[in-house]
Amino acid sequence: GGRGSAIAFDALQRSLFEDTEGRDFIFSATSAQVEEVAHPLLVLMGNDVFHPSETARRISRIAPNAELIESWRDTDEAALETAARRIGSFLAANPRWF
């Protein structure tokens, strides 16, 4: 804990989200690269500093074949069951990729 941890966390956050040299919104790809992903993507939305919900929403908007699941963890049983069905349906509909 303490001040050293806060400094280390700030440095990590900058390296992942700000110092990305040409990667404009996630540390592993540019938005242009995501826009070019032709195969189906199933995006499970996060809700913390390392998996911001807006990033998931943006990926699902710009990737041509993306589907977004917003509620899948830390939620009620019905939402979990719905998410599980959607994941199963996605995998069944896209066997070539998995």
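Trainee: Which elements do the buried residues of α3 pack against?
Mentor: Happy to start there, with the caution that this is a predicted model, where local features need pLDDT of at least 70 and side-chain atom pairs count only at pLDDT 80 or more, while totals for chains, interfaces and linings use all residues. Residues are numbered from 1 along each chain as its sequence is written, and side-chain values use heavy atoms, with hydrogens and water left out. Contact means heavy atoms within 4.5 Å, and helices (H or I, at least four residues) and strands (E, at least two) are DSSP runs numbered from the N terminus. The buried residues of α3 pack against α2 (31-35), β1 and β2.

Trainee: Which residues of α3 are buried, and on how wide an arc do they sit?
Mentor: Buried means under 20% relative accessible area, exposed over 50%, and partly exposed in between (1.4 Å probe, protein chains only). In α3, the buried residues are T55, A56, I59 and S60. An α-helix has 3.6 residues a turn, so residues three or four places apart point the same way. Taking the directions from the helix axis to the C-beta atoms, these residues lie on the same side of α3 because their arc is only 130 degrees.

Trainee: What does S60 touch, leaving out residues up to four places away in sequence?
Mentor: S60 belongs to helix α3 and counts as buried at 18% relative accessibility. A polar atom of its side chain lies 2.9 Å from the backbone oxygen of R57. With residues up to four places away in sequence set aside, S60 touches A66 and L68.

Trainee: How many salt bridges does the whole structure have?
Mentor: A salt bridge needs a side-chain nitrogen of Lys or Arg within 4 Å of a carboxyl oxygen of Asp or Glu. Searching the whole structure with that rule gives a count of 4.

Trainee: How many residues apart in sequence are the parts that D48 and R73 tie together?
Mentor: The closest N and O atoms of the D48 and R73 salt bridge are 3.2 Å apart. D48 sits in the loop between β1 (41-44) and α3 (53-62), and R73 in the loop between β2 and α4 (77-93), so the parts they tie together are separated in sequence by 25 residues.

Trainee: Where do E70 and R57 lie?
Mentor: Their side chains form a salt bridge at 3.9 Å, N to O. This pair links distant parts of the chain, 13 residues apart: E70 is in the loop between β2 and α4, and R57 is in helix α3.

Trainee: Are E67 and R86 buried, partly exposed or exposed?
Mentor: These side chains meet in a salt bridge of 3.1 Å, N to O. E67 has 28% relative accessibility and R86 has 31%, so both count as partly exposed.

Trainee: How far apart in space are L42 and A66, C-alpha to C-alpha?
Mentor: L42 is in strand β1 and is partly exposed, with a relative accessible area of 22%. Leaving out residues up to four places away in sequence, L42 touches E67, I69, I87 and F90. L42 and A66 are 24 residues apart in sequence, and their C-alpha separation is 5.8 Å.

Trainee: Which residue has its backbone oxygen 2.8 Å from a polar atom of the N94 side chain?
Mentor: N94 is in the segment after α4 and is buried, with a relative accessible area of 14%. N94 and L41 are 53 residues apart in sequence and 9.7 Å apart in space, C-alpha to C-alpha. The backbone oxygen at 2.8 Å from its side chain belongs to F90.

Trainee: In which order do the elements of the chain run?
Mentor: The chain has 4 helices and 2 strands. From the N terminus on, the order is α-α-β-α-β-α.

Trainee: Where is confidence lowest and where is it highest in the chain?
Mentor: The score here is pLDDT, the predictor's confidence in each residue, from 0 to 100. The chain averages 82, and 73% of the residues score at least 70. Confidence is lowest in helix α1 (residues 2-17), with a mean of 60, and highest, at 97, in strand β2 (residues 66-69).

Methods:
A polar contact is a pair of N or O atoms within 3.5 Å; within protein, one must be able to donate a hydrogen and the other to accept it, and residues adjacent in sequence count only if both atoms are side-chain atoms.
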